[in-house]
Amino acid sequence: MGYGYVSGKLTDERFATMAASYEAEQKSLKEAVAVLRNEIEAQDNKTSNVLTFVEKVNRYTEIKGLTPAIVNEFIDYIMVSQKQAIDGKTVYPIDIYYNGVGIITAPSAEEYEEMLWERLKQKRAKEQKTA
């Protein structure tokens, strides 16, 4: 029983096609790496800003009143919207933009209640699994 040998040659045309494909893939990968690096940098900056904000908050654990120094340290600017009538009262909705972190949206009373019920359900489910 004999073995046949297949001799293969890479033609110039085939080599050029493969090289072009390889170069295109390398270019695409380099671009993807650059985009990912930028995204990681942006996330690192956001994390740093939040940590700085938390450090500031920790310095003022028991604020009894707002002083100009506290307001200047925490608040970047306040945007006042047009007046609205809610339940017969005139109100001016405001958005507070905090230094380094932007708007911090506090949950409404209804959202707090919903979160509380959800935590209670999770706690009960966990207790039932361990019992």
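Start by selecting Tyr77. This residue is partly exposed, with a relative accessible area of 38%. Keep in mind that the model is predicted.

Tyr97 is buried, at a relative accessible area of 19%.

Show both side chains. How far apart are the ring centres of Tyr77 and Tyr97, and at what angle do their planes lie? The centres are 4.4 Å apart and the planes meet at 15°. Planes under 30 degrees apart count as stacked, so this pair is stacked. A search of the whole structure finds one aromatic pair, and Tyr77 with Tyr97 is that pair.

Tyr77 sits in strand E1, residues 75-80. Tyr97 sits in strand E4, residues 94-98.

Zoom out and switch to cartoon. The chain has three helices and five strands. Trace the elements from the N terminus: α-α-β-β-β-β-β-α.

Stay with the whole chain and look at contacts. Of those with a separation of 6 or more, 22% join residues 24 or more positions apart.

The chain exposes about 12300 Å². Carbon and sulfur atoms supply 56% of that area. How much of the chain is buried? Buried residues make up 5% of the 131 residues.

Terms used: Residues numbered from 1 in each chain as written. Predicted model: local features only at pLDDT ≥ 70, side-chain atom pairs only at ≥ 80, totals over all residues. Heavy atoms only, no water. Helix = DSSP H or I, 4+ residues; strand = E, 2+ residues; numbered from the N terminus. Buried < 20%, exposed > 50% of the residue type's maximum accessible area, 1.4 Å probe, protein only. Contact = heavy atoms within 4.5 Å. Areas by Shrake-Rupley, 256 points an atom, 1.4 Å probe, with all protein chains shown as cover. Phe/Tyr/Trp six-rings, centres within 6.5 Å; stacked < 30°, edge-to-face > 60°.
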